[in-house]
Amino acid sequence: MKAWVPLGAAPIPGSPDQLELWQRENEFSIRISGYVSELMNSRQHASEEALAEYAVPQVAGRAAAHVLVGGLGMGFTLAAALRSAGPDATVTVAELVGAVVDWNRGPLGQAAGYPLTDPRTRVHVGDVADLIRASKRTFDAILLDVDNGPEGMTQHGNDWLYSPRGLAAIRAALTPGGLLAVWSVEAVPRFTAALERAGYHTEVRRARAREGKGAWHTIWVARSDGEVVAGREGAYRLPFHPPVRKRAVSR
């Protein structure tokens with residue numbers, strides 16, 4: 001087996017660490033400097049695709065549906081969203097690290113089939129939280145694959161997204177009946193409770209890292225208008241509570 005070859009590195013805004021892109025034959029790896037484990041691997045993307053597959057088909061029938069993908073990564077969630085969306089849809093992907101966009105336009109793009117070249121794709125280089133704050137009733141679905149989920153490892157600033165204020169801002173950015181879907185490397189029961197308190201009706205689902213094998217990851221699919229979210233594995237209704245205002249506390 002050939003050795004890993006470094007292809008690039010880029011600083012993470014607000015962090016002393018760097019993102020690193022590596023390649024071994026047709027396999028790609030994105031890592032964080034100083035960490036032993038990988039952040040992403042191109043052979044393990046089934047759950048990233050499931051993030052889009054669980055949510056986008058539920059809004060794909062809307063005229064000119066607009067989907068926001070928070071986090072480009074290796075492009076698998078974006079590609080799955082495009083496959084599920086209609087021909088008149090727009091899929092905006094927000095990526096904090098500009099070099100990740102460049103990598104996806106270069107050799108890394110082959111992993112997910114170059115979804116950035118799809119004419120329905122729009123790219124926002126910057127913090128997805130800033131885009132959400134600036135948007136009102138804009139997106140039919142918001143898919144977040146940011147920093148390993150509510151228990152992130154690179155950006156403490158991402159905590160805002162999962163706080164009561166962040167969840168309220170996401171509701172304001174969604175169109176009526178819009179969906180929020182969140183990917184996480186692990187189950188976080190307190191985040192399920194946070195969605196409940198913020199007024200979302202939520203389904204907690206799991207998906208394997210690879211098709212039929214690999215680690216289990218967690219995906220929340222939440223509707224902000226009080227409707228139950230239907231899923232292939234069933235759904236359940238959480239008790240509704242009106243939105244609660246709380247002060248965001250960093251971990």
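Helices (H or I, at least four residues) and strands (E, at least two) are DSSP runs, numbered from the N terminus. This is a predicted model, where local features need pLDDT of at least 70 and side-chain atom pairs 80 or more, while totals for chains, interfaces and linings use all residues. Numbering starts from 1 along each chain as its sequence is written, and side-chain values use heavy atoms, without hydrogens and water.

**View 1. Helix 1 packs against helix 2.** Residues 46-53 and 76-84 pack at about 35°, axes 8 Å apart (axes are lines fitted to C-alpha atoms over the stretch in contact; angles run from 0 to 180 degrees between N-to-C directions). Contacts (heavy atoms within 4.5 Å) include Leu51 and Ala52 of helix 1, and Phe76 and Ala80 of helix 2.

**View 2. Arginine 83 meets glutamate 49 in a salt bridge.** Their closest N and O atoms are 3.5 Å apart (the cut-off is a side-chain nitrogen of Lys or Arg within 4 Å of a carboxyl oxygen of Asp or Glu). The pair ties helix 2 to helix 1, 34 residues apart. Arginine 83 counts as exposed at 53% relative accessibility, but glutamate 49 is buried at 15% (buried is under 20% relative accessible area, exposed over 50%, partly exposed in between, with a 1.4 Å probe and protein chains only).

**View 3. Four strands make an open antiparallel sheet, in the order 1-2-3-4.** Strands pair if DSSP finds at least two bridges between them. Strands 1 (5-11) and 4 (38-41) sit at the edges with a single partner each, so one side of each lacks a neighbour in the sheet. Six bridges join strand 2 to strand 3, with tryptophan 22 partnering serine 29.
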